[in-house]
Amino acid sequence: MTLKEKKERKEEIITTKNMFQVLEEYGVVVKRRMCRCMFHHEKNPSMKVFKDGVQCFVCGRNWNVFDVVMQLTGCDFNTAFDLLGGNDKPSWKSYVAAASAKRKRLQAKQVVTHQTKMFMEQRAIVLALKDIIDSETPYSDLWCECQNRVVYEEYKLDQMISEVSR
Ligand SMILES: [Zn+2]
């Protein structure tokens, strides 16, 4: 598929895909044409749903079906393109990505305790440090800094886990 063809296909999908159906597929609850914004965390729905897009009154931006799928699954444009039927038949990889994203979201709905939130934040810190360590040159200042830091942060994470499981 050429870039031009892909652009045309993208426009076609935006106009033909039904946003309500897509949101339902990904487990987003729509009531009276409103849902909770997936781009900022909120308790009360402030996102208006249209057949070909959504608009959040807080973010103030319009999002098409590609933006929504990318945000909900955490995937890139090409995966979203695949998932939305841009290629004739979506690849199994895209299905797996969507399924695991869905599972994660369902889990996220169940666990909303303060403790869990703290735990997830701490885990994000550890993972971010490890990302930096992986991408930096070994023994550079930043690399050493992160190596030292990650030991402490992982210790804190372990403490949290033992508190939760106690
Ligand atoms: Zn928003």
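Rings of Phe, Tyr and Trp (for Trp, the six-membered ring) count as a pair if their centres lie within 6.5 Å; the pair is stacked with planes under 30 degrees apart, edge-to-face over 60, and tilted for the rest. Keep that rule at hand, and note that this is a predicted model, in which local features need pLDDT of at least 70, side-chain atom pairs count only at pLDDT 80 or more, and totals for chains, interfaces and linings use all residues. Residues are numbered from 1 along each chain as its sequence is written, and side-chain values use heavy atoms, with hydrogens and water left out.

Let us start with the rings. Ring pairs join F66, F77 and F81 into a cluster. Two of its members, F77 and F81, lie in helix α4 (residues 77-83), four residues apart, or about one turn of the helix. Helices here are DSSP runs of H or I with at least four residues, and strands are runs of E with at least two, numbered from the N terminus. The centres of the F77 and F81 rings are 5.8 Å apart and their planes stand at 40°, so this pair is tilted. F81 is buried at 1% relative accessibility, whereas F77 is partly exposed at 26%. Buried means under 20% relative accessible area, exposed means over 50%, and partly exposed lies in between (1.4 Å probe, protein chains only).

The charged end of K6 sits over the ring of F81, 4.9 Å from the ring centre, and K10 lies over the face of F66, at 6.0 Å from its centre. For this, NZ of Lys or CZ of Arg must be within 6 Å of the ring centre and within 35 degrees of the ring normal.

Now to the sheet. Four strands form an open, antiparallel sheet in the order β1-β2-β3-β4. Its edge strands, β1 (34-35) and β4 (62-63), each pair on one side only. Two strands pair if DSSP finds at least two bridges between them. β1 and β2 (residues 47-50) are joined by two bridges: M34 partners K48, and C35 stands opposite M47.
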